[in-house]
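Hi,

Here is the structure I promised to pass on.

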Amino acid sequence: MKHSRSIAGSTVKKPVSSDQQGKMAGLAVVVMAAGLGKRMRSKQAKVLHPVAGQAMVLYSVGLGLHVAGERVAVVVGHQADLVRQVIARATSGKSGSAPVAIVEQREQLGTGHAVLQSRPVFAVGKRGAPSNYLILNGDTPLLQETTVRELLRVHEAERATVTVLTAVLADASGYGRVVRTNSAEGGVSRIVEDRDANAEERVIREINVGTYVVDGEFLFRALEKLDPSNAQGEYYLTDIIRLAERAGHRVAAVVLDNPDEGLGVNTRRQLAEAEQVVRKQIRDRWLDAGVTMIDPASTWIDAAVTIGKDTIVHPNVMLEGSTVIGEDCVLRSFIRLTDCIVGNGVEILDHCVFTDSHIEDDAHLGPFVHLRPGVVVRKKAKVGNFVEMKKTDLGEGSKANHLSYLGDAKIGKGVNIGAGTITCNYDGLHKFQTVIGDGVFLGSDTQLIAPVTVGARAIIAAGTTVTEDVPADALVIGRVPQVNRAGWAARRRALLADGGALPPGSKLTSLKADKVSSKSSQKNSKSTKGRTR
Ligand code: UD1
Ligand code: CA
């Protein structure tokens, strides 16, 4: 049994070991997320800025939950309530993840001060004090779980008091530099912040990523000793390394193979860089899982989206939020789906925008369909050109193929929604429901003045305005009777042949006149003669 060293040199601690889900026993996690992030030049707290549709802080929180299970604390400060909500929303209800503890850092006095705020969360309870802490910056969304596990492994193997993750960058400016000891092992002696570094230290290209594993006995005692006499007047977490080294404790380091992973997002440029890297990681994951992308570079998939096997994604598709796509779907170009659930074998043609809607198996939608929140398109249903739907349930096998607005409607199975059908759901104050039974046929240009119910298998004649409930199996026809006037159009054409206007009061304008009066026709011919052409 391996034991890591304690600063007192007397206590024997529990080893770091993983259970079946890969959670490390005795490990606690602290995520620092209280800063505003001045260099972003934003009103929004930095850690709330999304990367691939997910707030930056959630990358660190997710990683923490994966490796430690429930003992995760997040230190919040700027826009604390918003950050708290975002974390609560993302972690609630997910199996195996207990709520994350949120602690507030009222004044942002530095990363060391931030971690110190989490102390009460881990104050000895039933489970005892954590044997080690994994500390993560809230602005490193590219960090991978395998890297963190390697850091934990090295920490344990080297019986280190502090283990720090580093990267060697071509341009290290802005980062804390890793100063190595002169010893043969080349251990880490301290980290010097960019703003505090002298000329010699500035040329060091090995940087501190902001990911640490620290011995549980050592951490808070060291934090209490921090001194803010530095360029920023802050309590630097990084100074615990100097303290450990001076006290003769082992400080270990893991150098990243892929320095991209260590990117800390301080500016909008770095945010854009992180976005590119995460987008590619996500695409590669779905390509590996059996999804075809005709043009990966123009395919935008948010972090939380899932896609089934053998689905084909054409160029310029955006899948956002918590969207779930089934297997064997075809997604054509220029479509944006946000928080939607799409079953198997669904085809979506070009130029569609869907939000918070549910599409069942084998449905067919597009081109040019707009689904606003609360739509359910049942199995094998079809929605086509220029149809807008909102809070509407379109039954199995039903069709709404052309130019319709369907809002607040419950539509049964096998219904035909004729071209140009409109549910008139709004009276200027309130919204009302339209209910259409199974097998109903709505002719083209039907208007349904809600609230209204059309019984099963009824037929509504084209151009009808339905104002009252319709019984099952009825025919409804509601339109102005048609009048045909023989020869009317030809006579009008003759009158207007020279491009002049009809004389005022001309009887031709009246539907009742069967003939044009001879008087007016004479007048007209005279005036025509008098005109030069
Ligand atoms: C920090 C490290 C630096 C490292 C870099 C890696 C320190 C002193 N420096 O610098 O060595 O190279 O990260 O990206 O730790 N935060 C708080 N409370 C505070 C201050 C910061 O919670 O009082 C949080 C921020 O919200 C952020 C994280 O800590 O998520 C890091 O803070 P930031 O100001 O970005 O530190 P860097 O200057 O990048
Ligand atoms: Ca940073």
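First, a term for what follows: helices (H or I, at least four residues) and strands (E, at least two) are DSSP runs, numbered from the N terminus. This is a predicted model, so local features need pLDDT of at least 70 and side-chain atom pairs count only at pLDDT 80 or more, while totals for chains, interfaces and linings use all residues. Residues are numbered from 1 along each chain as its sequence is written, chains are lettered from A and ligands numbered from 1 in the order in which they are written, and side-chain values use heavy atoms, with hydrogens and water left out.

The overall picture: the protein chain has 11 helices and 39 strands. Of its 533 residues, 47% are buried (under 20% relative accessible area; exposed is over 50%, partly exposed in between; 1.4 Å probe, protein chains only).

Now the salt bridges (a side-chain nitrogen of Lys or Arg within 4 Å of a carboxyl oxygen of Asp or Glu). The count by this rule is 22. One of them joins Arg242 to Asp239, at 3.0 Å from N to O. Both sit in helix α8 (residues 239-246), and because they are three residues apart there, about one helical turn separates them. Asp239 is buried at 12% relative accessible area, whereas Arg242, at 27%, is partly exposed.

Helix α2 (residues 80-91) holds another pair, Arg84 and Asp81, also three residues apart and about one helical turn from each other. Their closest N and O atoms are 3.9 Å apart. Here Asp81 is exposed at 52% and Arg84 partly exposed at 32%.

Asp302 and Arg279 make a salt bridge too, with 3.2 Å between the closest N and O atoms. Asp302 is in the loop between β13 and β14 (306-307) and Arg279 is in helix α9, so the bridge ties together parts 23 residues apart in sequence. Both residues are buried.

What holds the calcium ion (ligand 2)? Asp139 (OD) and Asn266 (OD1) coordinate the ion at 2.3 to 2.4 Å (donors are N, O and S atoms within 2.8 Å of the metal, or 3.2 Å for Na, K and Ca; water is not among the atoms, so sites may look incomplete). Asp139 lies in the loop between β6 (132-137) and α5 (145-157), and Asn266, 127 residues away, in the loop between β11 (251-255) and α9 (268-288). Asp139 is buried at 10%, and Asn266 is buried at 14%.

Cheers
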